[in-house]
Amino acid sequence: MGLNVAGIGCRTACGFIKGTLLLAWMLAGLFVPAGAADLTNEGEGIVQSTCVGCHRIHGAPMPRSTKQAPDLIWAGNKYQRDWLVAWLQNPREKLYPVGYDFKFKRKGRHLALLPGEAEKVADFLSTLKDVRITEGMMKPGTSAELARGEQLYVEHACQNCHWTPADNRRGYTGGTSSTSFVNMGNRLQADWVYRFNLNPNDFVPGSGAYIPKPSLPETDIYAITAYMMTFK
């Protein structure tokens, strides 16, 4: 008959052990039956195979000069899902007009994904959160906050470094030395923008981002963030 295990035939024993392990894995949430695809895991696989060559999804904040592309470590707090899914399929919208960190080799067009791939990648990226960001902090600005935010935006010459929406033929004005603010109200999540504006170096150390001296009060940071989120 073959080897016995504690008096049980080998085939019977193996079946018993496998069944016991299967039950344990299912109870522990570690087993996914074949055919019950986990979209988050599929998205992670796509990210690992196609994205991590340029983007980081784990680790401590690092300067732009040391990276090939923006970090995705906090992508679940940063990007609005609808925008992300659409952009991954057709990445024509310029986010860094002269390339990331001014390097021409980083100016090339981003890889485009198929619709299903974009959905799965967005599902996975939505799980990447940063505990420093308080969700629900930002609300649509009041008329007074928006007026104050616009005043601050002009006073601190934000448009000197960032493409800013404008009523002209191109649809924007401003410098090219940093991230485009065109359509940012549809692209980024307000809570992330607010926390970034409080201290950019917490996310991109030594980025050279303009930080007023003395620092603006948080009420002003809130107002300028609310104004920036109207850029749609």
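# Exercises on a predicted chain

The chain contains nine helices and four strands; helices (H or I, at least four residues) and strands (E, at least two) are DSSP runs, numbered from the N terminus. The model is predicted: local features need pLDDT of at least 70, side-chain atom pairs count only at pLDDT 80 or more, and totals for chains, interfaces and linings use all residues. Residues are numbered from 1 along each chain as its sequence is written, and side-chain values use heavy atoms, with hydrogens and water left out.

## Exercise 1. Overall description

Solution. 
- Step 1. Buried means under 20% relative accessible area, exposed over 50%, and partly exposed in between (1.4 Å probe, protein chains only).
- Step 2. Contact means heavy atoms within 4.5 Å. Of the contacts between residues at least 6 apart in sequence, 66% join residues at least 24 apart.

## Exercise 2. Cysteines

Solution. 
- Step 1. A disulfide is a pair of cysteine sulfur atoms within 2.5 Å.
- Step 2. For Cys 54, the nearest is in turn that of Cys 51.
- Step 3. Cys 51 is buried at 14% relative accessibility, whereas Cys 54 is partly exposed at 44%.

## Exercise 3. Positive phi

Task: Locate Ala 157 and Asn 183, and give the phi of Ala 157 and of Asn 183.

Solution. 
- Step 1. Most residues other than glycine have a negative phi.
- Step 2. Ala 157, which is not a glycine, has a positive phi of about 50°. Ala 157 belongs to the loop between helix 6 (143–155) and strand 3 (164–165), and is partly exposed at 24% relative accessible area.
- Step 3. Asn 183 has a positive phi near 65°. Asn 183 is in the loop between strand 4 (172–173) and helix 7, and is buried at 17%.

## Exercise 4. Aromatic rings

Task: Count the aromatic pairs, then classify the pair of Trp 83 and Trp 87 and the pair of Tyr 153 and Phe 181.

Solution. 
- Step 1. Rings of Phe, Tyr and Trp (its six-membered ring) pair if their centres lie within 6.5 Å; planes under 30 degrees apart count as stacked, over 60 as edge-to-face and the rest as tilted. The count comes to 13 aromatic pairs.
- Step 2. Trp 83 and Trp 87 have ring centres 5.5 Å apart and planes at 15°, so the pair is stacked. The two residues are four apart in helix 4 (residues 81–89), a separation of about one helical turn. Both Trp 83 and Trp 87 are buried.
- Step 3. For Tyr 153 and Phe 181, the centres are 6.3 Å apart and the planes at 50°, so the pair is tilted. Tyr 153 is in helix 6 and Phe 181 in the loop between strand 4 and helix 7, 28 residues apart, so that distant parts of the chain are linked. Tyr 153 is buried at 2% relative accessibility, and Phe 181 is buried at 11%.
- Step 4. One aromatic cluster is formed by Trp 74, Trp 192, Phe 196 and Phe 203.

## Exercise 5. Charges over rings

Task: Identify the ring over which the charged end of Arg 64 sits, and the ring for Arg 132.

Solution. 
- Step 1. A charge sits over a ring if NZ of Lys or CZ of Arg is within 6 Å of the ring centre and within 35 degrees of the ring normal.
- Step 2. Arg 64 has its charged end over the ring of Tyr 100, 4.9 Å from the centre.
- Step 3. Arg 132 has its charged end over the ring of Phe 203, 4.3 Å from the centre.
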